[in-house]
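Subject: Handover of a structure, with notes on what was found

Dear colleague,

I would be glad if you read the notes with the model open.

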Amino acid sequence: KGTERSSYVYKKFFAVTLGNETMFTINKAGVITEYKGNAKYLKIPEVINGITVKDISSFSGFDKAKLYGVILPDTVEYLGWTMDYYERATTEDEQFGLFEDNTTLDFIIGNGIKVIGYYGVSFIPNLYEVQFPNCEEIMCAGFYESSLIGAVFPKVKKIDNEAFYNIAKLREIYLPECEYIGCNAFYLAKRLRIFYAPKTNY
């Protein structure tokens, strides 16, 4: 189960662009429905046009944006599909994630995220690091076929089946509070060498 460490620090230095109201379309429910900016490193604001950001639509254009890093607003607590929506989706495009197939994105920070939902951070080919310090649950396929190298999830208590399925580059992960890990959660994570989860029998 490896040796505990307190954090996994992103090594790059970068200048973050604070998003403004011209970069986004937001509906009355607080869902960002369109991203129109061109920032390389973006911090999404918590309030747009006087509306608190609660969610980001997977059809908002972040999958095609030339982003290298994104900082989510603290007001967004959930990232990914709910199981109910996933089961009702009629096409493959409707079933997957916000940043899916984004070829430039290499890190995501989400201090407000509490749950990584179905396909929440999946199929991102150059995603090397995430920081979700308050995340408590990672649902099925949450990081499916992403390219994380290492991660710390200090508050995660539950990891569902196939949550990190086929994460081929993952080398180390720290889960100090995790109590449950589902079937095949790290299947095909062949490079995983440091696995710290002292409260599980995984």
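This is a predicted model, in which local features need pLDDT of at least 70 and side-chain atom pairs count only at pLDDT 80 or more, whereas totals for chains, interfaces and linings use all residues. Residues are numbered from 1 along each chain as its sequence is written, and side-chain values use heavy atoms, with hydrogens and water left out.

Overall picture

The protein chain has one helix and 18 strands, where helices (H or I, at least four residues) and strands (E, at least two) are DSSP runs numbered from the N terminus. Of its 202 residues, 50% count as buried; here buried means under 20% relative accessible area, exposed means over 50%, and partly exposed lies in between, with a 1.4 Å probe and protein chains only. The accessible surface of the protein chain comes to about 10,000 Å², and 49% of that surface belongs to carbon and sulfur atoms (areas by the Shrake-Rupley method with a 1.4 Å probe; for residues, only the protein chains shown count as cover). Among contacts with a separation of 6 or more, residues 24 or more positions apart account for 39%, a contact being heavy atoms within 4.5 Å.

Strand pairing

Strands of a sheet pair through backbone hydrogen bonds, either parallel or antiparallel; in these notes two strands pair if DSSP finds at least two bridges between them. Strand 2 (residues 24-26) and strand 3 (residues 31-35) run antiparallel and are joined by three bridges, with Phe 24 standing opposite Tyr 35. The hairpin of these two strands has four residues between them, and in it Gly 30 takes a positive phi near 85 degrees. Strand 3 is also joined to strand 7 (residues 55-56), in this case by two bridges and in parallel, and the bridge partner of Val 31 in strand 7 is Asp 55.

Strand 14 and strand 16 pair over three bridges in the parallel sense, and Gly 150 has Glu 172 in strand 16 as its bridge partner.

Salt bridges

A search of the whole structure finds three salt bridges, each defined as a side-chain nitrogen of Lys or Arg within 4 Å of a carboxyl oxygen of Asp or Glu. Lys 64 forms one with Asp 63, where the closest N and O atoms are 3.2 Å apart; Lys 64 is exposed at 69% relative accessibility, while Asp 63 is partly exposed at 22%. Asp 160 and Lys 158 meet in another, at 3.7 Å from N to O, and here Asp 160 is buried at 13% whereas Lys 158 is partly exposed at 35%.

Glu 177 forms a salt bridge with Lys 199, with the closest N and O atoms 2.6 Å apart. This pair links distant parts of the chain, since Glu 177 sits in the loop between strand 16 (172-174) and strand 17 (180-181) and Lys 199 in the segment after strand 18 (194-196), 22 residues apart. Both are partly exposed, Glu 177 at 30% and Lys 199 at 44%.

Aromatic rings

The count comes to 16 aromatic pairs, where rings of Phe, Tyr and Trp (its six-membered ring) pair if their centres lie within 6.5 Å, and planes under 30 degrees apart count as stacked, over 60 as edge-to-face and the rest as tilted. One of them is the tilted pair of Tyr 119 and Tyr 144, at 6.0 Å centre to centre and 50 degrees between the planes. Tyr 119 lies in the loop between strand 11 (115-116) and strand 12 (129-131), and Tyr 144 in the loop between strand 13 (137-138) and strand 14, so the pair ties together parts that are 25 residues apart in sequence. Tyr 119 is buried at 11%, and Tyr 144 is buried at 16%.

Phe 164 and Phe 186 form a stacked pair, at 4.9 Å centre to centre and 5 degrees between the planes, and both residues are buried. One aromatic cluster is formed by Tyr 119, Phe 123, Tyr 144, Tyr 165 and Tyr 187.
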